[in-house]
Amino acid sequence: MCTSGTIVTCTSTYSIWPEYDLHYNAFAGTWHFGAYAKAKDGDSAKRTNLGTFHVQRYSKLTVNASPEPVTKGRTITVTAS
């Protein structure tokens with residue numbers, strides 16, 4: 001969306017849907033963004049390194065400890081569940 005006039009201000013939103021956009025661990029990390037604009041007269045401008053943001057993939061770890069009940073001071077075994 002842009003304003004009109006001699007000086008134009010544009011804004012844009014990009015939504016990230018983890019189940020669709022973040023299929024691989026390589027997508028997690030620091031993302032960089034830039035902008036490209038093209039005027040009606042054909043002139044254009046490109047800017048890189050306008051900022052960064054961090055994307056972290058959702059992760060969850062669940063485990064099961066045994067024996068149950070766990071006794072203080074005793075050894076337990078932890079397995080992924």
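This is a predicted model: local features need pLDDT of at least 70, side-chain atom pairs count only at pLDDT 80 or more; totals for chains, interfaces and linings use all residues.
Biologist: How do β1 and β2 run, and how many bridges join them?

Modeller: Two strands pair if DSSP finds at least two bridges between them. Here β1 and β2 run antiparallel and are joined by 9 bridges, one example being T30, whose bridge partner in β2 is H54. The two strands form a hairpin with 5 residues between them, and G42 in the turn has a positive phi of about 95 degrees.

Biologist: How many aromatic pairs does the structure hold?

Modeller: A pair of aromatic rings is described by the distance of the centres and the angle of the planes. Rings of Phe, Tyr and Trp (its six-membered ring) pair if their centres lie within 6.5 Å, and planes under 30 degrees apart count as stacked, over 60 as edge-to-face and the rest as tilted. The structure holds 2 such pairs. In one of them the ring centres of W31 and F53 are 5.7 Å apart and the planes stand at 50 degrees, so the pair is tilted. This pair links distant parts of the chain, with W31 in strand β1 (residues 29-38) and F53 in strand β2 (residues 44-55), 22 residues apart.

Biologist: What are the distance and angle between F33 and F53?

Modeller: F33 and F53 form a tilted pair at 6.2 Å centre to centre, with 40 degrees between the planes; F33 lies in strand β1 and F53 in strand β2, 20 residues apart. Together, W31, F33 and F53 form one aromatic cluster.

Biologist: Which accessibility class does W31 fall into?

Modeller: Buried means under 20% relative accessible area, exposed over 50% and partly exposed in between (1.4 Å probe, protein chains only). W31 is partly exposed at 24%, as are F53 at 34% and F33 at 38%. By contrast, Y24, in the loop between α1 (18-21) and β1, counts as exposed at 56%. Of the 81 residues of the chain, 5% count as buried.

Biologist: What radius of gyration does the chain have?

Modeller: The radius of gyration is taken over C-alpha atoms, and the globule rule is 2.2 Å times the number of residues to the power 0.38. A compact globule of 81 residues would be near 12 Å, but the chain has 24 Å. Along its principal axes the C-alpha trace spans about 75 × 25 × 20 Å.

Biologist: Which residues lie nearest the centre of the largest pocket?

Modeller: On a 1 Å grid over the protein atoms alone, a pocket is an open set of points where a 1.4 Å probe fits, with protein on both sides within 12 Å along at least five of seven lines, and lining residues have an atom within 4 Å of a point. The largest pocket is lined by 17 residues, of which C2, C10, A35, Y36 and A37 lie nearest its centre. The elements giving two or more residues to this lining are β1 and β2.

Note on methods:
Residues are numbered from 1 along each chain as its sequence is written. Side-chain values use heavy atoms; hydrogens and water are left out. Helices (H or I, at least four residues) and strands (E, at least two) are DSSP runs, numbered from the N terminus.
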